[in-house]
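The entries follow the order in which I went through them.

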Amino acid sequence: MKINNSKEEDFIEEIINQKIHLTTLPKEFGGKAYKPLELFNLINELTLEYPSKSLGISMHLYTVWGLSYLMNEKQKMRYFTEIIKENALFASLNEPSLYFVQPSEIVSDQFPIKAKKVAGGYIVNGQKRFVSFEPYVAYLPVYALVESEGKVGTNKIVVLIIEKNTKGTTVKNDWNSMSMSDTHSNSVFFEEVFVSDEAVICEDGIEKTEVLGYLFRLSVSSVYYSIGHKALNYITEYTKKSNVPHTRKLLAFFPGVQFSLSEMLVGLKTSYSQIEHFCSKLDIYLKDSELNKNQELNMTSLITKTFVIKQAQEIVEKSMKIQGIKSLSQDNLLANLYLDVKAGEFHPPQRDVTYELIAKQHLGIISIRNRWL
């Protein structure tokens with residue numbers, strides 16, 4: 001698969017023309033019945049060409065795959081047909097970040113999107129931030145907090161699918177990040193937006209949405225692995241063609257450079273092995289129609305994401321050290337990869353929370369009521 005156009009509009013057009021946006025749909029809707037490792041390979045291939053843009057389209061790919069396990073048949077027919085006929089893209093659902101609290105214990109003022117039950121659906125107010133590929137998406141899956149009517153401790157969270165052009169929905173072009181700038185991850189605001197019952201998913205609890213969390217971590221890991229891969233490819237070729245100053249020897253012959261390249265190779269190869277391991281476990285999980293909670297898979301997904309991103313960052317930094325001050329030029333590939341790879345630290349859960357989750361699970365600590373005590 002080859003995307004030959006560098007302009008953003010051309011990139012999207014090629015994604016549509018090659019039907020890449022259909023890849024993770026169920027087979028009966030034109031999908032390819034991919035396994036997790038095949039999704040990794042696809043994202044890797046795209047990211048080697050366009051890292052930032054590929055992160056954007058990967059959010060659509062993982063989201064529609066995950067939703068295919070949660071939607072009823074009527075919802076699949078409606079939304080997946082829109083993807084096929086209208087080339088509609090989905091935004092990422094995003095994680096609700098409820099790692100240490102139950103939905104019933106949420107402080108409602110701190111939850112970004114709230115919903116009130118009315119006849120035939122919900123009235124939604126709030127803000128969805130960081131909508132990757134916002135200019136191109138048509139549907140916005142969201143977690144919404146449904147506040148209880150006077151009963152303490154009975155709040156719940158539902159998943160709703162909101163059409164971006166619905167009355168009461170507005171976009172704020174506030175994505176000005178130096179990292180992953182081509183994702184155009186703007187904010188979308190909801191003011192008294194009506195969402196019908198037909199667009200409600202997981203009304204009885206969001207436990208099953210863990211599948212989306214696993215697929216999200218795979219997609220993110222795939223993108224950042226590929227950034228490290230791209231940096232290593234670039235610096236490898238550079239060392240074969242560039243001389244050390246005041247010598248007639250290529251950089252590739254110097255032991256220090258060889259040691260650095262070896263460290264990068266070890267990091268990249270180990271990252272790939274970890275992704276393979278994660279994909280194997282995820283494939284088994286997806287074959288379970290119940291999608292039951294899986295602590296081992298959860299830990300594997302967290303470890304994979306944090307390890308792969310850390311290795312990608314180190315590969316880019318080591319590559320820059322080999323090339324020297326040239327790598328700081330604004331039009332230098334490594335400089336751009338450095339900016340993009342820094343975004344990896346901020347995909348939820350962030351590293352400190354990830355380490356806490358991994359350790360608590362390993363120790364058997366259940367911290368629903370009190371996080372630290």
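**Ground rules.** I am working from a predicted model, where local features need pLDDT of at least 70, side-chain atom pairs count only at pLDDT 80 or more, and totals for chains, interfaces and linings use all residues. Residues are numbered from 1 along each chain as its sequence is written, and side-chain values use heavy atoms, with hydrogens and water left out.

**Cores.** I looked for nonpolar cores, meaning sets of buried Ala, Val, Leu, Ile, Met, Phe, Trp, Tyr and Cys residues joined through side-chain atoms within 4.5 Å. For burial I used relative accessible area: under 20% is buried, over 50% exposed, and in between partly exposed (1.4 Å probe, protein chains only). The largest core has 105 residues, and Phe90, Val124, Leu160, Phe190, Tyr224 and Leu282 touch the most other members. Helix H5 (residues 210–241) gives the largest share of this core, 15 residues. Helices (H or I, at least four residues) and strands (E, at least two) are DSSP runs, numbered from the N terminus. Another core, of five residues, lies apart from it and includes Met299, Leu302, Val353 and Ile358.

I then listed the contacts (heavy atoms within 4.5 Å) of phenylalanine 190. Not counting residues up to four places away in sequence, phenylalanine 190 touches, among others, Ile113, Val124, Leu140, Val142 and Ile162.

**Helix H9.** Does the length of H9 (residues 351–363) agree or disagree with its residue count? I took the expected span as 1.5 Å times one less than the number of residues. For the 13 residues of H9 that should be 18 Å, and the end C-alpha atoms are 18 Å apart, so the two agree. Val353, Thr354, Glu356, Leu357, Ile358 and Lys360 are buried in H9, and the buried residues of H9 pack against helix H7 (295–323). Glycine 364 follows H9 and has a positive phi, near 75 degrees.

**Aspartate 340.** This residue sits in helix H8 (residues 333–342). Aspartate 340 is buried but has no salt bridge, which would take a side-chain nitrogen of Lys or Arg within 4 Å of a carboxyl oxygen of Asp or Glu. Lysine 230 is the nearest side chain of opposite charge, 9.3 Å away; Lys and Arg count as positive and Asp and Glu as negative, with His and the chain ends not counted. Beyond its neighbours within four places in sequence, aspartate 340 is in contact with Pro51, Ser52, Ser179, Met180, Ser181, Tyr224 and Ile227.

**Cysteines.** I found zero disulfides, a disulfide being a pair of cysteine sulfur atoms within 2.5 Å. Cysteine 279 counts as buried because its relative accessibility is 3%.

**The loop between H5 and H6.** Valine 244 is in the loop between H5 and helix H6 (255–286), and counts as buried because its relative accessible area is 17%. Leaving aside neighbours within four places in sequence, valine 244 is in contact with Lys249, Leu251 and Phe254. Histidine 246 is in the loop between H5 and H6 too, but is exposed at 86%. Phi of histidine 246 is positive, near 65 degrees, in a residue other than glycine.

**Other backbone notes.** The peptide bond from proline 348 to proline 349 is cis, with omega near -10 degrees. Proline 349 lies in the loop between H8 and H9. Alanine 33 has a positive phi, near 50 degrees.
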